[in-house]
Amino acid sequence: MENKLYYDNPYIKSFQTKVIQQTIDPSGKPYVVLEKTAFYPTGGGQPHDTGTIHDVKVVNVEETDGEIRHYLEKDVKLPDEIIGEVDWNRRFDHMQQHAGQHILSAAFENLFGYKTVSFHLGTESLTIDLDIEQLTEHDALAAEKLANTIILENRPIETKWVTNEELSQYTLRKELSVTDDIRLVIIPDFDYNGCGGTHPKETGQVRAIKILDWERQKKKTRVQFICGNRVIEQFHQKQQILLELTRLLNAPEKEMGSAVQRLIESGKEQSKTIEMLKDSLLQYEADQLINEFLQRGEMVIGKLYQNRTIQELQKLARLIAAANNTITFICVAENENRIQIVGAKGSQSLCNMQQLISGILPLINGKGGGNESFAQGGGERLLPGKDVLKQLMEQTGNVV
Ligand SMILES: [Zn+2]
């Protein structure tokens, strides 16, 4: 352990040491092993440190076969003596999140007996899984409150190396996975826990803990929370979003929920009104068409359209067929690279719609369906819509 400077003092940001080995791992990545190091390797739920060694970026740190490998961004020959610099913002963030997790887990356990079964520390999210199926808001807030009290009291966070025998003096929160080199992290009269991570020396440095959300995860509850500087950063982000929303919705923060509710309701109302207006317009269009064709003495209405939905054309066709029982209506729409056809007839008209439309579909690789009085089809735009309509109109006489 003597080569692990982060255990002597987790606040070491810069150190000087000798290079013991510089080589390339089996996957071709260059790494260096140092006589001693302040770089924390991934472990115990805490991600590795980053930083530089002799100004070369350290991209990963792993403990493999008892040696700590510092993976470098590029393969540069290092001198015998180097200076290592730990990215302190990243490390201190990990220390705050990690210690915050100890405190929150202990708060849940001390108050309610809820055990933490796993922990995840990522750049975006920080979660613990509790061994319960449901968490109430009351319990979550109570644990958060106790955790923040422990932070405010600025209790020491001590670390102690103990033997397996000495262990019996302590009641640990979690069973240990190691039997030698046992490292205890202790917040006196609150939490006793085996842990190999890095922590600040007092709880006050965790600054604050805020639970964000929780959800059931199989038979457990996953609690999402943040600690330390992340609380300030996220508060800032959320505040920006809220300010933008108050401006957009022209409502104060506390009335945001009802303002959005009103917006949704009015959107629904408007959609309904638009539907009704569209129906009136279609009825008007249908009446106009019938009048126009009847005045010319034509009983078959043929129309070509661009970019109209099949649903709209179906509605129009039904309105026309319902308004006049001797009329036949056939329309073709060019919708981007597709051709769509709808046909409808009044009850006295003799033309068979299904037969008429299915006859033309092979020309456009199309498919369709329907019956004698109402049918539709669609296919590729292999020939101009006006040609399709022309052929359909010519056929109307033959499919009675
Ligand atoms: Zn820890």
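Contact here means heavy atoms within 4.5 Å. Helices (H or I, at least four residues) and strands (E, at least two) are DSSP runs, numbered from the N terminus. Buried means under 20% relative accessible area, exposed over 50%, and partly exposed in between (1.4 Å probe, protein chains only).

This is a predicted model: local features need pLDDT of at least 70, side-chain atom pairs count only at pLDDT 80 or more, and totals for chains, interfaces and linings use all residues. Residues are numbered from 1 along each chain as its sequence is written, and side-chain values use heavy atoms, with hydrogens and water left out.

**Helix H7**

Helix H7 spans residues 353-360, and its buried residues are Met353, Leu356, Ile357 and Ile360. These residues cover an arc of only 85° around the axis, so they lie on the same side of H7. The arc is that of the directions from the helix axis to the C-beta atoms. The cover over them includes strand S15 (328-335), strand S16 (338-345), strand S18 (374-380) and helix H8 (385-396).

Asparagine 365 sits in the loop between H7 and strand S17 (367-370). Its phi is near 55°, a positive value in a residue other than glycine. Asparagine 365 counts as exposed, at 53% relative accessibility. Aspartate 65 also has a positive phi, near 50°, and is a residue other than glycine. Its place is the loop between strand S4 (56-64) and strand S5 (67-72). Aspartate 65 counts as exposed, at 74% relative accessibility.

**Zinc site**

Which atoms coordinate the zinc ion? They are NE2 of His98, NE2 of His102, SG of Cys195 and NE2 of His199, at 2.0 to 2.2 Å. Donors are N, O and S atoms within 2.8 Å of the metal (3.2 Å for Na, K and Ca); water is not among the atoms, so sites may look incomplete. The donor residues are spaced H-x3-H-x92-C-x3-H in sequence.

The four donor atoms subtend angles of 95 to 122° around the zinc ion, which makes the arrangement tetrahedral. Four donors count as tetrahedral if all angles lie between 85 and 135 degrees; four count as square planar and six as octahedral if opposite donors are over 155 degrees apart and all others between 65 and 115; anything else is irregular. The ideal angle for four tetrahedral donors is 109.5 degrees. Cysteine 195 counts as buried, at 13% relative accessibility. Histidine 199 counts as buried too, at 6%.

**Nonpolar cores**

A nonpolar core is a set of buried Ala, Val, Leu, Ile, Met, Phe, Trp, Tyr and Cys residues joined through side-chain atoms within 4.5 Å. In soluble globular proteins, nonpolar side chains tend to be buried together.

The largest core has 30 residues; those with the most contacts inside it are Ile103, Leu104, Phe108, Ile128, Ile209 and Phe225. Elements giving two or more residues to this core include helix H2 (88-112), strand S7 (116-121), strand S8 (126-130) and helix H3 (137-152). H2 gives the most, with six residues. Leucine 104 touches Ile128, Ala143, Glu144, Ala147, Ile209, Ile211 and Phe225, not counting residues up to four places away in sequence. Another core lies apart from the largest one and has 20 residues, among them Leu282, Ile290, Tyr305 and Ala317.

**Salt bridges**

A salt bridge is a side-chain nitrogen of Lys or Arg within 4 Å of a carboxyl oxygen of Asp or Glu. By this rule there are 20 salt bridges. The table gives some of them.

| Pair | N to O distance |
|---|---|
| Glutamate 81 and lysine 18 | 3.6 Å |
| Glutamate 109 and lysine 115 | 2.8 Å |
| Glutamate 285 and arginine 308 | 2.7 Å |

Where does the pair of glutamate 285 and arginine 308 sit? Glutamate 285 is in helix H5 (residues 256-295), and arginine 308 is in the loop between strand S14 (300-306) and helix H6 (310-323), 23 residues apart. Glutamate 285 counts as partly exposed, at 22% relative accessibility, whereas arginine 308 counts as buried, at 15%.

Lysine 115 is partly exposed, with a relative accessible area of 35%. Glutamate 81 counts as partly exposed at 37%, and lysine 18 counts as partly exposed at 42%. Glu275, Asp279 and Lys315 are linked in a network of salt bridges.
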